[in-house]
Amino acid sequence: RAIDLDRSCRVNRAPVVDTTTTSIAGDATTDPSDDVTVSQVLPTTTDVADFASIAEIVSSSPELALLWVLLQESGLDATLADPAAGPYTLFAPTNTALDALGADSLAQLRSDPDLLLRVLEHHIANGAPASADLPAGPLTMLDGSGVDVRRSGSTLRIGPASVLTADLPAVNGAVHTVDRVLVPDDVDLSPAEAPAEVAVVYADDGMTLRGIVASEVERAALVNAAAGVVADVVDELTVDSAVGLDSATATTLAQVVAALPAHLVAAVAGFDGESLYVRGSYAGATDRDALLAIVGPLGVIAELAERPTATVDDAARLEAELNEFVAANPILFAPGSAALDVSAAPILDRVARGLRGFAGLTVAVEGHTDSDGLAPANLALSQQRADAVRDALVARGVDEASITAEGFGSERPVLVQGVEDKAASRRVEFRVVAA
(Lines give C-alpha, C1' and ligand atoms only; values in the text may rest on other atoms or scores of the structure.)
Protein backbone atom coordinates (compact mmCIF):
# COMPACT_ATOMS: atom_id res chain seq x y z
CA ARG A 1 0.00 0.00 0.00
CA ALA A 2 1.18 3.54 -0.67
CA ILE A 3 -0.09 7.03 0.16
CA ASP A 4 1.02 10.40 -1.16
CA LEU A 5 0.97 13.13 1.47
CA ASP A 6 0.43 16.75 0.54
CA ARG A 7 2.89 19.13 2.16
CA SER A 8 0.03 20.78 4.02
CA CYS A 9 -0.27 17.59 6.08
CA ARG A 10 2.84 18.74 7.94
CA VAL A 11 1.21 21.91 9.20
CA ASN A 12 0.41 21.76 12.91
CA ARG A 13 1.80 18.23 13.17
CA ALA A 14 2.13 17.37 16.82
CA PRO A 15 4.75 15.04 18.31
CA VAL A 16 3.78 12.19 20.56
CA VAL A 17 5.37 12.71 23.98
CA ASP A 18 5.58 10.03 26.65
CA THR A 19 5.06 11.39 30.18
CA THR A 20 4.64 9.78 33.55
CA THR A 21 1.81 10.78 35.82
CA THR A 22 -0.13 9.39 38.71
CA SER A 23 -3.69 8.17 38.69
CA ILE A 24 -6.53 10.51 39.55
CA ALA A 25 -6.75 10.98 43.29
CA GLY A 26 -9.67 9.32 44.94
CA ASP A 27 -10.13 6.64 42.28
CA ALA A 28 -11.19 3.61 44.39
CA THR A 29 -10.22 1.15 41.66
CA THR A 30 -6.60 2.25 41.40
CA ASP A 31 -3.78 1.91 43.83
CA PRO A 32 -2.54 5.50 44.48
CA SER A 33 1.00 4.18 44.64
CA ASP A 34 0.92 2.87 41.03
CA ASP A 35 2.52 4.95 38.28
CA VAL A 36 0.73 5.01 34.90
CA THR A 37 2.41 5.75 31.56
CA VAL A 38 0.20 8.00 29.41
CA SER A 39 0.73 9.17 25.84
CA GLN A 40 -0.25 12.84 25.45
CA VAL A 41 -0.57 14.75 22.15
CA LEU A 42 0.70 18.29 22.61
CA PRO A 43 -0.33 20.81 19.90
CA THR A 44 2.74 22.54 18.59
CA THR A 45 4.24 23.83 15.35
CA THR A 46 7.81 23.90 16.51
CA ASP A 47 8.87 21.08 14.18
CA VAL A 48 7.03 22.37 11.07
CA ALA A 49 9.24 23.17 8.13
CA ASP A 50 8.54 26.58 6.62
CA PHE A 51 6.79 26.67 3.28
CA ALA A 52 8.64 28.37 0.48
CA SER A 53 5.98 31.10 0.29
CA ILE A 54 2.54 32.21 1.40
CA ALA A 55 1.30 31.27 -2.07
CA GLU A 56 2.43 27.68 -1.50
CA ILE A 57 0.49 27.49 1.76
CA VAL A 58 -2.68 28.65 0.03
CA SER A 59 -2.27 26.54 -3.12
CA SER A 60 -1.60 23.36 -1.15
CA SER A 61 -4.50 23.80 1.30
CA PRO A 62 -7.81 22.30 0.07
CA GLU A 63 -9.81 24.51 2.43
CA LEU A 64 -8.31 27.58 0.69
CA ALA A 65 -8.92 26.40 -2.88
CA LEU A 66 -11.34 29.20 -3.77
CA LEU A 67 -9.05 31.84 -2.30
CA TRP A 68 -6.22 30.51 -4.46
CA VAL A 69 -8.39 30.93 -7.56
CA LEU A 70 -9.15 34.54 -6.60
CA LEU A 71 -5.49 35.30 -5.87
CA GLN A 72 -4.57 34.04 -9.33
CA GLU A 73 -7.33 36.08 -10.96
CA SER A 74 -6.18 39.23 -9.17
CA GLY A 75 -2.45 38.72 -9.87
CA LEU A 76 -1.60 38.69 -6.15
CA ASP A 77 -0.45 35.09 -6.42
CA ALA A 78 2.86 36.27 -7.91
CA THR A 79 3.45 38.71 -5.05
CA LEU A 80 2.73 36.10 -2.40
CA ALA A 81 4.85 33.50 -4.23
CA ASP A 82 8.02 35.64 -4.15
CA PRO A 83 10.28 34.42 -1.28
CA ALA A 84 12.08 37.75 -1.31
CA ALA A 85 8.90 39.83 -0.94
CA GLY A 86 7.25 40.88 2.26
CA PRO A 87 7.08 39.73 4.87
CA TYR A 88 3.28 39.71 4.78
CA THR A 89 0.50 38.40 6.96
CA LEU A 90 -2.41 36.91 5.03
CA PHE A 91 -5.75 36.49 6.78
CA ALA A 92 -7.06 33.75 4.49
CA PRO A 93 -10.84 33.22 4.21
CA THR A 94 -11.74 29.57 3.84
CA ASN A 95 -13.94 28.12 1.09
CA THR A 96 -16.86 28.20 3.52
CA ALA A 97 -16.24 31.87 4.29
CA LEU A 98 -16.19 32.80 0.61
CA ASP A 99 -19.25 30.67 -0.15
CA ALA A 100 -21.12 32.58 2.56
CA LEU A 101 -20.90 35.70 0.39
CA GLY A 102 -23.46 34.15 -1.93
CA ALA A 103 -23.18 33.39 -5.62
CA ASP A 104 -24.28 36.85 -6.77
CA SER A 105 -21.80 38.71 -4.56
CA LEU A 106 -18.97 36.36 -5.51
CA ALA A 107 -19.81 36.82 -9.18
CA GLN A 108 -19.82 40.59 -8.70
CA LEU A 109 -16.40 40.38 -7.07
CA ARG A 110 -14.91 38.23 -9.84
CA SER A 111 -16.37 40.36 -12.63
CA ASP A 112 -14.62 43.52 -11.41
CA PRO A 113 -10.78 43.14 -11.36
CA ASP A 114 -10.23 46.39 -9.44
CA LEU A 115 -12.79 45.44 -6.81
CA LEU A 116 -11.33 41.94 -6.46
CA LEU A 117 -7.82 43.32 -5.95
CA ARG A 118 -9.08 45.83 -3.39
CA VAL A 119 -10.91 43.21 -1.33
CA LEU A 120 -8.03 40.73 -1.40
CA GLU A 121 -5.50 43.42 -0.39
CA HIS A 122 -7.82 44.10 2.56
CA HIS A 123 -6.80 40.62 3.81
CA ILE A 124 -3.04 41.28 3.72
CA ALA A 125 -0.90 43.30 6.15
CA ASN A 126 2.78 44.18 6.03
CA GLY A 127 4.95 42.33 8.53
CA ALA A 128 4.50 38.89 10.05
CA PRO A 129 4.31 39.05 13.84
CA ALA A 130 3.11 35.95 15.65
CA SER A 131 -0.61 35.96 16.35
CA ALA A 132 0.08 36.31 20.06
CA ASP A 133 2.02 39.50 19.34
CA LEU A 134 -0.62 41.23 17.24
CA PRO A 135 -1.53 44.37 19.18
CA ALA A 136 -5.18 45.18 19.82
CA GLY A 137 -6.52 48.02 17.75
CA PRO A 138 -6.45 48.95 14.08
CA LEU A 139 -4.21 47.02 11.72
CA THR A 140 -3.43 48.69 8.40
CA MET A 141 -3.91 46.44 5.38
CA LEU A 142 -2.34 46.69 1.92
CA ASP A 143 -5.38 48.52 0.53
CA GLY A 144 -4.70 51.34 3.00
CA SER A 145 -7.74 50.77 5.19
CA GLY A 146 -7.74 49.39 8.72
CA VAL A 147 -9.11 46.30 10.41
CA ASP A 148 -9.64 46.07 14.17
CA VAL A 149 -7.69 43.38 16.02
CA ARG A 150 -9.16 42.22 19.31
CA ARG A 151 -9.28 39.16 21.52
CA SER A 152 -12.33 37.49 22.97
CA GLY A 153 -11.12 34.95 25.49
CA SER A 154 -8.84 32.61 23.58
CA THR A 155 -10.26 33.70 20.20
CA LEU A 156 -8.35 36.16 18.04
CA ARG A 157 -10.72 38.32 16.01
CA ILE A 158 -9.82 40.30 12.91
CA GLY A 159 -12.68 42.67 12.14
CA PRO A 160 -15.82 40.51 11.89
CA ALA A 161 -13.80 37.31 11.42
CA SER A 162 -12.41 34.80 13.90
CA VAL A 163 -9.01 33.19 13.34
CA LEU A 164 -9.42 29.45 12.83
CA THR A 165 -5.79 28.38 12.37
CA ALA A 166 -2.97 30.74 13.32
CA ASP A 167 0.71 31.13 12.48
CA LEU A 168 1.18 28.98 9.40
CA PRO A 169 4.75 30.08 8.60
CA ALA A 170 6.35 30.78 5.25
CA VAL A 171 9.67 32.34 4.35
CA ASN A 172 7.89 35.52 3.23
CA GLY A 173 5.39 35.79 6.09
CA ALA A 174 2.55 33.90 7.73
CA VAL A 175 -1.01 32.80 7.13
CA HIS A 176 -3.96 32.82 9.53
CA THR A 177 -7.16 31.21 8.22
CA VAL A 178 -10.37 33.11 9.07
CA ASP A 179 -14.09 32.27 8.98
CA ARG A 180 -15.33 35.48 7.36
CA VAL A 181 -14.45 37.56 4.33
CA LEU A 182 -13.01 40.95 5.29
CA VAL A 183 -14.77 43.66 3.28
CA PRO A 184 -13.63 47.32 3.36
CA ASP A 185 -16.20 49.66 4.93
CA ASP A 186 -16.74 51.54 1.68
CA VAL A 187 -17.35 48.39 -0.40
CA ASP A 188 -20.85 46.92 -0.75
CA LEU A 189 -20.97 43.30 -1.88
CA SER A 190 -24.61 42.76 -1.04
CA PRO A 191 -26.38 41.62 -4.20
CA ALA A 192 -28.72 44.10 -5.85
CA GLU A 193 -32.33 43.00 -6.06
CA ALA A 194 -32.96 41.37 -9.41
CA PRO A 195 -35.17 43.39 -11.77
CA ALA A 196 -38.73 42.13 -11.81
CA GLU A 197 -40.26 40.52 -14.86
CA VAL A 198 -43.00 42.03 -17.01
CA ALA A 199 -45.07 40.21 -19.64
CA VAL A 200 -47.69 41.37 -22.14
CA VAL A 201 -49.82 38.51 -23.46
CA TYR A 202 -51.54 39.21 -26.79
CA ALA A 203 -54.34 36.86 -27.88
CA ASP A 204 -57.53 37.32 -29.88
CA ASP A 205 -58.56 40.95 -29.46
CA GLY A 206 -56.95 41.65 -26.12
CA MET A 207 -53.77 42.09 -24.14
CA THR A 208 -53.07 41.20 -20.53
CA LEU A 209 -50.26 43.07 -18.77
CA ARG A 210 -48.54 41.39 -15.82
CA GLY A 211 -45.48 42.12 -13.68
CA ILE A 212 -43.91 45.01 -11.79
CA VAL A 213 -43.04 48.49 -13.04
CA ALA A 214 -41.07 51.24 -11.32
CA SER A 215 -43.85 53.85 -11.27
CA GLU A 216 -47.22 54.88 -12.66
CA VAL A 217 -45.37 56.48 -15.57
CA GLU A 218 -44.15 53.11 -16.84
CA ARG A 219 -47.55 51.57 -16.21
CA ALA A 220 -49.26 54.28 -18.28
CA ALA A 221 -46.76 53.86 -21.14
CA LEU A 222 -47.52 50.13 -21.44
CA VAL A 223 -51.29 50.40 -20.93
CA ASN A 224 -51.58 53.19 -23.49
CA ALA A 225 -49.51 51.25 -26.03
CA ALA A 226 -51.80 48.23 -25.63
CA ALA A 227 -55.01 50.26 -25.68
CA GLY A 228 -53.92 51.90 -28.93
CA VAL A 229 -53.93 48.60 -30.84
CA VAL A 230 -56.49 46.29 -29.17
CA ALA A 231 -59.96 46.74 -27.77
CA ASP A 232 -59.57 44.83 -24.52
CA VAL A 233 -56.70 45.58 -22.11
CA VAL A 234 -56.39 43.84 -18.74
CA ASP A 235 -53.97 45.71 -16.46
CA GLU A 236 -52.50 43.47 -13.74
CA LEU A 237 -49.32 45.51 -13.29
CA THR A 238 -48.07 46.51 -9.84
CA VAL A 239 -45.63 49.25 -8.86
CA ASP A 240 -42.35 48.85 -6.95
CA SER A 241 -39.67 51.51 -7.39
CA ALA A 242 -36.92 49.17 -6.10
CA VAL A 243 -37.21 46.38 -8.67
CA GLY A 244 -39.84 47.51 -11.16
CA LEU A 245 -39.30 47.96 -14.89
CA ASP A 246 -37.42 51.20 -15.52
CA SER A 247 -38.48 54.00 -17.85
CA ALA A 248 -36.10 53.27 -20.73
CA THR A 249 -36.97 49.55 -20.84
CA ALA A 250 -40.70 50.26 -20.52
CA THR A 251 -40.51 52.71 -23.45
CA THR A 252 -38.87 50.08 -25.65
CA LEU A 253 -41.35 47.41 -24.58
CA ALA A 254 -44.22 49.78 -25.41
CA GLN A 255 -42.89 50.02 -28.99
CA VAL A 256 -42.90 46.24 -29.25
CA VAL A 257 -46.42 46.00 -27.83
CA ALA A 258 -47.75 48.51 -30.36
CA ALA A 259 -46.37 46.41 -33.24
CA LEU A 260 -47.79 43.03 -32.19
CA PRO A 261 -51.33 43.04 -33.67
CA ALA A 262 -50.23 44.24 -37.09
CA HIS A 263 -47.67 41.48 -37.57
CA LEU A 264 -48.39 38.53 -35.27
CA VAL A 265 -51.49 36.45 -34.67
CA ALA A 266 -50.59 35.70 -31.05
CA ALA A 267 -47.62 36.66 -28.92
CA VAL A 268 -46.02 37.25 -25.56
CA ALA A 269 -43.64 40.20 -25.22
CA GLY A 270 -41.84 41.28 -22.09
CA PHE A 271 -38.75 41.63 -19.94
CA ASP A 272 -37.40 38.49 -18.26
CA GLY A 273 -35.11 40.22 -15.75
CA GLU A 274 -32.23 40.43 -18.21
CA SER A 275 -33.50 41.01 -21.73
CA LEU A 276 -36.50 42.17 -23.70
CA TYR A 277 -38.11 39.43 -25.77
CA VAL A 278 -41.04 38.66 -28.05
CA ARG A 279 -42.33 35.16 -28.77
CA GLY A 280 -45.21 34.53 -31.12
CA SER A 281 -46.65 33.21 -34.37
CA TYR A 282 -47.06 34.96 -37.71
CA ALA A 283 -49.32 34.46 -40.70
CA GLY A 284 -46.67 34.94 -43.36
CA ALA A 285 -43.04 35.76 -44.01
CA THR A 286 -43.91 39.38 -44.81
CA ASP A 287 -45.39 39.87 -41.34
CA ARG A 288 -42.43 38.14 -39.73
CA ASP A 289 -39.86 40.26 -41.55
CA ALA A 290 -41.74 43.46 -40.80
CA LEU A 291 -41.75 42.74 -37.07
CA LEU A 292 -38.07 41.76 -37.05
CA ALA A 293 -37.28 45.06 -38.75
CA ILE A 294 -38.95 46.84 -35.83
CA VAL A 295 -37.62 44.86 -32.86
CA GLY A 296 -34.14 44.04 -34.18
CA PRO A 297 -32.71 47.57 -33.82
CA LEU A 298 -34.22 47.73 -30.32
CA GLY A 299 -32.14 44.76 -29.14
CA VAL A 300 -35.23 42.61 -28.54
CA ILE A 301 -34.77 38.83 -28.66
CA ALA A 302 -37.36 37.44 -31.09
CA GLU A 303 -38.51 33.82 -31.21
CA LEU A 304 -41.12 33.57 -33.95
CA ALA A 305 -42.83 30.59 -35.56
CA GLU A 306 -45.29 30.17 -38.39
CA ARG A 307 -48.91 29.87 -37.29
CA PRO A 308 -50.28 26.32 -36.84
CA THR A 309 -52.37 24.55 -39.45
CA ALA A 310 -55.99 24.24 -38.36
CA THR A 311 -57.55 20.91 -37.51
CA VAL A 312 -61.23 20.09 -37.96
CA ASP A 313 -61.78 20.82 -34.28
CA ASP A 314 -59.93 24.14 -34.56
CA ALA A 315 -62.17 25.18 -37.44
CA ALA A 316 -65.37 24.19 -35.62
CA ARG A 317 -64.34 26.02 -32.46
CA LEU A 318 -63.34 29.15 -34.39
CA GLU A 319 -66.61 29.20 -36.34
CA ALA A 320 -68.61 29.01 -33.12
CA GLU A 321 -66.53 31.73 -31.46
CA LEU A 322 -66.79 34.13 -34.41
CA ASN A 323 -70.54 33.72 -34.87
CA GLU A 324 -71.15 34.12 -31.17
CA PHE A 325 -69.02 37.26 -31.21
CA VAL A 326 -70.78 38.90 -34.19
CA ALA A 327 -74.18 37.96 -32.78
CA ALA A 328 -73.31 39.94 -29.65
CA ASN A 329 -71.51 42.63 -31.68
CA PRO A 330 -73.32 42.94 -35.04
CA ILE A 331 -71.45 44.17 -38.11
CA LEU A 332 -73.54 47.21 -39.04
CA PHE A 333 -74.08 48.94 -42.40
CA ALA A 334 -75.62 52.22 -43.48
CA PRO A 335 -79.43 51.70 -43.88
CA GLY A 336 -80.26 50.09 -47.22
CA SER A 337 -76.57 50.14 -48.19
CA ALA A 338 -73.49 47.92 -48.29
CA ALA A 339 -71.35 50.68 -46.78
CA LEU A 340 -69.88 49.49 -43.48
CA ASP A 341 -70.70 51.57 -40.43
CA VAL A 342 -67.70 53.02 -38.58
CA SER A 343 -68.58 50.83 -35.58
CA ALA A 344 -67.79 47.73 -37.66
CA ALA A 345 -64.02 48.38 -37.74
CA PRO A 346 -63.04 46.93 -34.33
CA ILE A 347 -65.39 43.98 -34.87
CA LEU A 348 -63.76 43.17 -38.18
CA ASP A 349 -60.33 43.56 -36.58
CA ARG A 350 -61.26 40.85 -34.08
CA VAL A 351 -62.65 38.53 -36.76
CA ALA A 352 -59.57 38.98 -38.94
CA ARG A 353 -57.23 38.14 -36.06
CA GLY A 354 -59.17 34.97 -35.37
CA LEU A 355 -59.00 33.87 -39.00
CA ARG A 356 -55.32 34.75 -39.33
CA GLY A 357 -54.48 32.58 -36.31
CA PHE A 358 -54.46 29.39 -38.37
CA ALA A 359 -53.21 28.26 -41.74
CA GLY A 360 -55.29 25.85 -43.85
CA LEU A 361 -58.71 27.46 -43.36
CA THR A 362 -61.48 28.04 -45.92
CA VAL A 363 -63.90 30.77 -44.87
CA ALA A 364 -67.29 31.68 -46.32
CA VAL A 365 -68.86 35.03 -45.43
CA GLU A 366 -72.67 34.78 -45.51
CA GLY A 367 -74.87 37.89 -45.82
CA HIS A 368 -78.53 37.93 -44.69
CA THR A 369 -81.35 40.51 -44.66
CA ASP A 370 -84.77 40.69 -43.07
CA SER A 371 -87.94 40.02 -45.08
CA ASP A 372 -88.83 43.67 -45.69
CA GLY A 373 -88.71 44.69 -49.34
CA LEU A 374 -88.52 42.67 -52.50
CA ALA A 375 -86.67 39.35 -52.44
CA PRO A 376 -84.43 40.10 -55.47
CA ALA A 377 -83.35 43.42 -53.94
CA ASN A 378 -82.66 41.76 -50.59
CA LEU A 379 -80.60 39.07 -52.29
CA ALA A 380 -78.49 41.64 -54.12
CA LEU A 381 -78.00 43.71 -50.95
CA SER A 382 -76.96 40.68 -48.91
CA GLN A 383 -74.40 39.73 -51.56
CA GLN A 384 -73.00 43.26 -51.60
CA ARG A 385 -72.71 43.28 -47.80
CA ALA A 386 -71.00 39.88 -47.75
CA ASP A 387 -68.57 41.17 -50.39
CA ALA A 388 -67.89 44.27 -48.31
CA VAL A 389 -67.06 42.15 -45.23
CA ARG A 390 -64.86 39.85 -47.31
CA ASP A 391 -62.94 42.80 -48.75
CA ALA A 392 -62.49 44.31 -45.28
CA LEU A 393 -61.09 41.04 -43.94
CA VAL A 394 -58.70 40.67 -46.88
CA ALA A 395 -57.51 44.22 -46.19
CA ARG A 396 -56.80 43.09 -42.64
CA GLY A 397 -54.51 40.27 -43.73
CA VAL A 398 -56.84 37.31 -44.32
CA ASP A 399 -55.65 35.28 -47.31
CA GLU A 400 -57.75 36.35 -50.30
CA ALA A 401 -57.73 32.89 -51.84
CA SER A 402 -59.17 31.32 -48.69
CA ILE A 403 -62.25 33.50 -48.28
CA THR A 404 -65.46 33.68 -50.31
CA ALA A 405 -68.70 35.65 -49.97
CA GLU A 406 -72.33 34.68 -50.62
CA GLY A 407 -75.61 36.50 -50.10
CA PHE A 408 -78.82 34.71 -49.07
CA GLY A 409 -81.17 37.66 -48.92
CA SER A 410 -84.20 36.96 -46.74
CA GLU A 411 -84.16 33.19 -47.29
CA ARG A 412 -83.01 32.39 -43.71
CA PRO A 413 -84.80 34.69 -41.28
CA VAL A 414 -84.29 34.43 -37.52
CA LEU A 415 -87.55 33.34 -35.92
CA VAL A 416 -88.47 33.69 -32.25
CA GLN A 417 -91.59 31.67 -31.38
CA GLY A 418 -92.58 31.70 -35.02
CA VAL A 419 -92.16 35.47 -35.43
CA GLU A 420 -89.24 37.01 -37.31
CA ASP A 421 -86.72 38.98 -35.27
CA LYS A 422 -85.88 41.42 -38.06
CA ALA A 423 -82.88 42.96 -36.32
CA ALA A 424 -81.38 39.51 -35.81
CA SER A 425 -82.20 38.53 -39.42
CA ARG A 426 -80.01 41.38 -40.71
CA ARG A 427 -76.69 39.70 -40.06
CA VAL A 428 -73.37 38.40 -41.31
CA GLU A 429 -72.25 34.86 -40.41
CA PHE A 430 -69.15 32.80 -41.05
CA ARG A 431 -68.63 29.21 -42.12
CA VAL A 432 -65.12 27.96 -41.30
CA VAL A 433 -63.70 24.71 -42.66
CA ALA A 434 -60.29 23.11 -42.17
CA ALA A 435 -58.91 22.71 -45.68
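Trainee: Does Ala227 count as buried, partly exposed or exposed, and at what relative accessibility?

Mentor: Ala227 counts as partly exposed because its relative accessibility is 45%, where buried means under 20% relative accessible area, exposed means over 50%, and partly exposed is in between, with a 1.4 Å probe and protein chains only. Before going on, please keep in mind that this is a predicted model, in which local features need pLDDT of at least 70, side-chain atom pairs count only at pLDDT 80 or more, and totals for chains, interfaces and linings use all residues. Residues are numbered from 1 along each chain as its sequence is written, and side-chain values use heavy atoms, with hydrogens and water left out.

Ala227 lies in helix α7, which covers residues 216-227; helices here are DSSP runs of H or I with at least four residues, strands are runs of E with at least two, and both are numbered from the N terminus. Between Ala227 and Gly206 there are 8.8 Å in space, C-alpha to C-alpha, and the two are 21 residues apart in sequence.

From there we can turn to the helix pairs. Two packed helices are described by the angle between their axes and the distance between the axes. The axes of α8 (residues 247-263) and α9 (residues 285-295) come within 10 Å and cross at roughly 170°, the axes being lines fitted to C-alpha atoms over the stretch in contact, with angles that run from 0 to 180 degrees between N-to-C directions. The two helices α8 and α9 are therefore roughly antiparallel to each other, a label for angles over 145 degrees, while under 35 counts as roughly parallel, 65 to 115 as roughly perpendicular and the rest as oblique. Val256, Ala259, Ala262 and His263 of α8 meet Asp287, Ala290, Leu291, Ile294 and Val295 of α9, contact meaning heavy atoms within 4.5 Å. By class, this contact of α8 with α9 has seven nonpolar, one polar and one charged residues, where Ala, Val, Leu, Ile, Met, Phe, Trp, Tyr, Cys and Pro count as nonpolar, Asp, Glu, Lys and Arg as charged, and the others, Gly among them, as polar. Thr252, also found in helix α8, counts as buried at 16% relative accessibility, and Thr252 touches Leu276, Leu298 and Val300, not counting residues up to four places away in sequence.

Helix α10 (residues 312-328) packs with helix α11 (residues 344-356) at an angle of about 180°, their axes 11 Å apart, and α10 and α11 are therefore roughly antiparallel to each other. Here Leu318, Leu322, Phe325 and Val326 in α10 meet Ile347, Arg350, Val351, Gly354 and Leu355 in α11. Within this set, the charged end of Arg350 sits over the ring of Phe325, 5.6 Å from its centre; a charge sits over a ring if NZ of Lys or CZ of Arg is within 6 Å of the ring centre and within 35 degrees of the ring normal. Elsewhere, Arg412 lies over the face of Phe408, at 3.9 Å from the ring centre.

Last come some details of the backbone. Most residues other than glycine have a negative phi, and most peptide bonds are trans. The peptide bond from Gly86 to Pro87 is cis, with omega near 5°, and Pro87 lies in the loop between α3 (76-81) and β3 (88-93). Asp167, in strand β8 (residues 161-170), has a positive phi near 60°.
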